[in-house]
Amino acid sequence: MVFVIYAGALRFGCYLISIGDMAAIEVLGVLMTVLFGSYATSSTRAPSHASENTDDSMNRLFEDDATNVQNHTGDKLDEVEGSLEFKHVELPDPLHKGAPLLSQLNVKVSGGQKLAIVPLDNEKMNPFELLLERFFDPVNGTLLLDGVGLRSLDLSWLRSHHAVVSHRSFLPHCSIAENIAYGDNSRVVTRRRD
């Protein structure tokens with residue numbers, strides 16, 4: 001069917017060229033736009049079975065009690081050294097029942113030490129990002145910041161004292177310092193004129 005439509009469009013384009021309404025390059029431009037546009041549209045559709053699971057997945061995603069960022073309850077550390085420890089952390093995939101994102105994770109990162117976690121190409125979400133930002137809490141195990149459990153800390157305070165650079169990040173076309181300051185809600189970011 002698609003080829004019949006393309007053939008008809010090509011035939012009509014030849015007719016428009018023959019009567020002088022369009023130039024050959026214009027007809028070619030229109031045909032290529034339609035061709036590439038239809039290809040791009042057809043390749044971005046979700047598989048038919050994906051729509052069946054969408055409602056169930058979204059319900060599971062939001063069935064957990066979300067932690068309120070505006071609720072400023074919890075501890076605030078006077079000084080942060082930056083030591084982070086994952087002890088026997090287990091995190092199930094919030095979108096797929098039974099598939100663990102993390103299982104029995106034990107990692108310790110000392111203050112000042114850098115840790116890069118590179119997800120696989122097909123990973124849609126980074127479990128470390130979910131845990132560090134406290135979008136989800138582990139079902140088993142604990143996360144400790146300077147020896148204090150993340151669950152006991154004020155969520156707004158916690159998020160203001162660390163940075164997570166996601167593999168899906170979008171950074172505005174600014175300097176590195178301006179992009180870092182962009183995440184700090186207490187600062188006013190001005191654009192420098194060079």
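Q: What pattern does the chain follow when it is read along the sequence?
A: Read in that direction, the chain follows the pattern α-α-α-β-β-α-β-β-α-α, with six helices and four strands in total. These elements are DSSP runs numbered from the N terminus, helices being H or I runs of at least four residues and strands being E runs of at least two. The model is a predicted one, in which local features need pLDDT of at least 70 and side-chain atom pairs count only at pLDDT 80 or more, while totals for chains, interfaces and linings use all residues. Residues are numbered from 1 along each chain as its sequence is written, and side-chain values use heavy atoms, with hydrogens and water left out.

Q: Where in the chain is confidence lowest, and where is it highest?
A: Confidence is expressed as pLDDT, the predictor's own value for each residue on a scale from 0 to 100. It is lowest in helix α3 (residues 48-63), at a mean of 55, and highest in strand β3 (residues 140-145), at 91. The mean pLDDT of the chain is 76, and 68% of its residues reach 70 or more.

Q: Why is phenylalanine 86 called buried?
A: Buried means under 20% relative accessible area, exposed means over 50%, and partly exposed lies in between, with a 1.4 Å probe and protein chains only. Phenylalanine 86 has a relative accessible area of 2%, and therefore counts as buried. Phenylalanine 128, at 14%, is buried as well, and so is serine 83, at 18%. Buried residues make up 22% of the 194 residues in the chain.

Q: Why does lysine 87 count as partly exposed?
A: The relative accessibility of lysine 87 is 36%, so this residue counts as partly exposed. Lysine 87 has its place in strand β1 (residues 84-92).

Q: What makes the pair of phenylalanine 86 and phenylalanine 128 edge-to-face?
A: Rings of Phe, Tyr and Trp (its six-membered ring) pair if their centres lie within 6.5 Å, and planes under 30 degrees apart count as stacked, over 60 as edge-to-face and the rest as tilted. A search of the whole structure finds two aromatic pairs. In the pair of phenylalanine 86 and phenylalanine 128, the ring centres are 5.5 Å apart and the planes stand at 80°, so the pair is edge-to-face. The pair links distant parts of the chain, since phenylalanine 86 is in strand β1 and phenylalanine 128 in helix α4 (residues 127-132), 42 residues apart.

Q: How do you know that β1 and strand β2 pair?
A: Two strands pair if DSSP finds at least two bridges between them, and β1 and strand β2 (residues 100-109) are joined in the antiparallel sense over six bridges. β1 and β3 also pair in the antiparallel sense, over five bridges. Glutamate 85 stands opposite lysine 108 in β2, and its bridge partner in β3 is leucine 144.

Q: Which residues is lysine 87 in contact with, leaving aside its neighbours within four places in sequence?
A: Contact means heavy atoms within 4.5 Å. With those neighbours left aside, lysine 87 is in contact with Leu105, Asn106, Gly141, Thr142 and Leu144. The C-alpha atoms of lysine 87 and leucine 144 are separated by 8.0 Å, although the two residues are 57 residues apart along the chain.
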